[in-house]
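Student: Can we go through this model together, with me asking and you answering?

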Amino acid sequence: MAGQRRTAAAIRCAAGLGLAAALLASGCASPKASDTTARDIRRTLDGRAAAVLGHDRSAYLAALDPEAAKLRATQSREFQNLADIPLESWEYRLGDVRRQGKRAVAQAELLYRIAGYDTAPVTASRTLELGERDGRWYVTAERAGRGGAQQLWQQGDVQVVRGGRSLVLGVGQDPVRLRALAATADRAVPAVSDAWPSKWAGRVVVLAPASLDAMGALLGAAAAGYRGIAAVTTGETGAPGTAPADRVIVNPQAYAVLGAFGQDIVLTHETTHVATRAHTSAATPMWLSEGFADWVAYRGTGSTAGRIAPELQRAVRLGDVPATLPDDKDFGFAGDADRLARAYEGGWLACELISARWGEERLAAFYRAVGEGKHRAGAVEKAMSDVLGTTPEEFTVRWREYLRERLGG
């Protein structure tokens, strides 16, 4: 197999099927570019960033290969699509650069912030191909980097609606729908702040793409996996006390079929993820992060347990009480829909139990304590001991009894 891979790589190099493939292929890889080359490419990207912030279309296009007509047309449209987004910052951080003669491939991170909403930048990986002309480097191609996703302005003209506590960015949407989305997000923010005592931005950015497929492109994932999901929140868990800029991305098809109550629940749930991000880490199990978000969303609505947890109620009444709290794998969108529903419902009831037995302040303190862990192992155990004075085994027994109490009647 190794020999076959080397042969295939050599064929790709000889055929010239793309600079990036040629530079990365085994047997024809180019060495890292010199510091001078990296400096000159960085100068090109810095000029491009300044052009975005300065709304200077000519300067933005000046960074592109003068002979790359298709690229220039595409980039011109994207620049125009960005026009109404209130950007506070836009910069490129240059990573690995590979050069082959007068051509190079650069890995970079695009970091940008929206004024008044982002306390930290959104980061998007980019792969750029460049060519040198008369001592200057020009971009000849650009795409998402490995694991990267499409950006909203690459999908069309971005419509901007400012709410009191929200900013809604949409593509191909009815302005009336975008204003309604902003109004719902504006209600979600104070509801979350009332339930979550820790400091957070108190604002939310919502993206409304034109279709389910467009939503998938923004997530860098297959759209089919999100068909029945009304909205998701982007953002990576990291060290406690730090929070990236999150985006709530709405599935226009699934969200539209919900009534006003359902839409309120969805956006309050997702906004909770934004608020708690700084205290959510790799140590936080999904039953806690998703359960807490549902607990906040349903808090004060007066909804019955049976209405909120119909699948789990059905199981409990059939005598099928879960033996353990939901596992992370139970929350996979691509799995069984009923199991997914029971996982969310079980997480919600676990958080409701903590609230009912220990109080709302202890529930929030427990969430923060778990998130302080660097690893999953031992984090829940320690937080339960320190904050709730119990053990996971004792808590599971209480939780199973609570399921029977709340759902068995």
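Predicted model: local features only at pLDDT ≥ 70, side-chain atom pairs only at ≥ 80, totals over all residues.

Tutor: Residues are numbered from 1 along each chain as its sequence is written, and side-chain values use heavy atoms, with hydrogens and water left out.

Student: How many helices and strands are there in the protein?

Tutor: Helices (H or I, at least four residues) and strands (E, at least two) are DSSP runs, numbered from the N terminus. On that count, the protein has 16 helices and 9 strands.

Student: What percentage of the 409 residues count as buried?

Tutor: Buried means under 20% relative accessible area, exposed over 50%, and partly exposed in between (1.4 Å probe, protein chains only). Of the 409 residues, the share that counts as buried is 50%.

Student: Which element gives the most to the lining of the largest pocket?

Tutor: On a 1 Å grid over the protein atoms alone, a cavity is a set of points where a 1.4 Å probe fits but cannot get out, and a pocket is an open set with protein on both sides within 12 Å along at least five of seven lines; lining residues have an atom within 4 Å of a point. The largest pocket has 44 lining residues, with His-269, Glu-270, Glu-290, Phe-333 and Tyr-344 nearest its centre. At least two lining residues each come from strand E8 (231-233) and helices H9 (260-276), H10 (286-298), H11 (305-308) and H13 (337-358). The top contributor, with 8 residues, is H9.

Student: How much space lies in the largest cavity?

Tutor: The search of the whole structure turns up 1 cavity of 30 Å³ or more, and its lining includes Gln-173, Arg-177 and Tyr-255. Helix H6 (175-195) gives the largest share of that lining, 3 residues. Grid points are joined across faces, edges and corners, and a volume is the space filled by probe spheres set on the points. For the largest cavity that comes to about 80 Å³.

Student: Which elements do the buried residues of H5 pack against?

Tutor: The buried set in H5 is Leu-71, Gln-75, Ser-76, Glu-78, Phe-79 and Asn-81. Contact here means heavy atoms within 4.5 Å. The partners are helix H3 (35-53), helix H4 (57-61) and strand E4 (136-144).

Student: Is Val-204 buried or exposed?

Tutor: Val-204 lies in strand E7 (residues 204-208). Its touching residues include Tyr-117, Arg-165, Val-248 and Val-274, leaving aside those up to four places away in sequence. With 2% relative accessibility, Val-204 counts as buried.

Student: Which side chain makes a polar contact with the side chain of Glu-132?

Tutor: Glu-132 sits in strand E3 (residues 122-133) and touches Arg-99, Lys-102 and Trp-137, not counting residues up to four places away in sequence. A polar contact is a pair of N or O atoms within 3.5 Å; within protein, one must be able to donate a hydrogen and the other to accept it, and residues adjacent in sequence count only if both atoms are side-chain atoms. At 2.9 Å, the partner is Arg-99.
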